[in-house]
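Me: I would like to go through this model feature by feature. Please give the general idea each time, then the case at hand.

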Amino acid sequence: MKVVLFCGGYGMRMRNGDASDVPKPMAMVGPRPLIWHVMRYYAHFGHTEFILCLGYGAHHIKEFFLNYQETTSNDFVLRNGKAELLSTDIADWSISFVQTGLESAIGERLRRVRPHLEGDEMFLANYADVLTDAPLPEMIERFSNSDAGASMMVVPPQSSFHCVEMGEDGRIGALTPVSEMPLWENGGYFVLRQEVFDHIPAGGDLVADGCGELAKQGKLLAYPYRGFWKPTDTVKERVQLDEAYAHGDRPWALWEHEPAPVGIA
């Protein structure tokens, strides 16, 4: 299945005061950017056709792949001054780079790459800035066996704050961590059918418009997941991921500690 990655936003919540125009998916986690980790996750399950919805800082993403150095994350033999790779990361990937506008909403970005999805009943989509170890084949199979037009992975709230139960007299009766509330939030991993395009107007949003309308029709499927899921909405979250990578704590890197699923090279 093709994988659509939304990687053209400004990522303002992750800014740390500098004037860099590097888009959020290009923030580094270890020796590679976030978008690479997300793509490796999909490639681990055999999905190696990528469509990148570019916008802000697009040249950084283009330059990364155009000047990609396989030796950074693969073993190799240096013989007669030339590197002979013992393995590769992206040699079998197909990546389409599509400029979808600087100010476009996610839904509009998806609309603009629709020609690249012709003939595909289903496809995958992702914000390119969230890492997980979720079982993708199970997510896809569950959606495939339904009549839903879209599926989104949902996760428990990640906030460290507490919800307060307060009486009329202002006295607090209980404190409950937000993460323990019976709530779920959008996890950013989508499986979609062409039907979703019927509900996204020009300039519209994937979630508010496309998924919102499908939800009204009872055709939006949730995939609840309580395992590893880590966003990078802030500098702090990105730094935590980078530090975890440095200490070998990277559960999202399934390609490092799990064999590829049977039938997938």
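Me: What is the phi of Asn-80?

Reply: Most residues other than glycine have a negative phi. Asn-80 is not a glycine, yet its phi is positive, about 55 degrees. Ala-128, also not a glycine, has a positive phi of about 65 degrees. Ala-128 sits in the loop between β8 (122–126) and β9 (131–132).

Me: Is Ala-128 buried or exposed?

Reply: Ala-128 is buried, at a relative accessible area of 0%, whereas Asn-80 is exposed.

Me: How far should the coordinates be trusted?

Reply: This is a predicted model. The average pLDDT of the protein is 90, and 95% of the residues score at least 70. Residues 12–19 have a pLDDT below 50, and this stretch makes 16 contacts in the model beyond near neighbours in sequence. Where pLDDT is low, the predicted coordinates should not be read in detail.

Me: Which residues of helix α5 are buried?

Reply: An α-helix has 3.6 residues a turn, so residues three or four places apart point the same way. In α5 (residues 206–216), the buried residues include Leu-206, Gly-210, Cys-211 and Leu-214. These four lie on the same side of α5 because they span an arc of only 80 degrees around the axis. Ala-208 and Lys-216, on the other side of α5, are exposed.

Me: What covers the buried residues of α5?

Reply: The cover includes the strands β1 (2–6), β10 (150–155), β13 (185–193) and β14 (220–224), together with helix α3 (106–112).

Me: And what is found at the ends of α5?

Reply: The N-terminal end of α5 is capped by Asp-205, with a side-chain oxygen 3.0 Å from the backbone nitrogen of Val-207. Just after α5 comes Gly-218, with a positive phi of about 75 degrees.

Me: Which residues have the most contacts inside the largest nonpolar core?

Reply: In soluble globular proteins, nonpolar side chains tend to be buried together. Here the largest nonpolar core has 50 residues, and those with the most contacts inside it are Leu-5, Tyr-41, Tyr-42, Leu-52 and Met-153. Helix α1 (residues 34–44) gives the largest share of this core, eight residues. Another core, of 21 residues, lies apart from it, with Ile-51, Val-113, Ala-125 and Phe-190 among them.

Me: Where is Ser-104 found?

Reply: Ser-104 is in the loop between β7 (94–99) and α3. With a relative accessible area of 15%, Ser-104 is buried, as the cut-off is under 20%. A polar atom of its side chain lies 2.5 Å from the backbone oxygen of Thr-100. Beyond four places in sequence, Ser-104 touches Arg-109 and Arg-112.

Methods. Residues numbered from 1 in each chain as written. Heavy atoms only, no water. pLDDT = per-residue confidence, 0-100. Contact = heavy atoms within 4.5 Å. Buried < 20%, exposed > 50% of the residue type's maximum accessible area, 1.4 Å probe, protein only. Helix = DSSP H or I, 4+ residues; strand = E, 2+ residues; numbered from the N terminus. Arc of directions from axis to C-beta. Polar contact = N/O pair within 3.5 Å; in protein donor to acceptor, adjacent residues only side chain to side chain. Core = buried A, V, L, I, M, F, W, Y, C linked by side-chain atoms within 4.5 Å.
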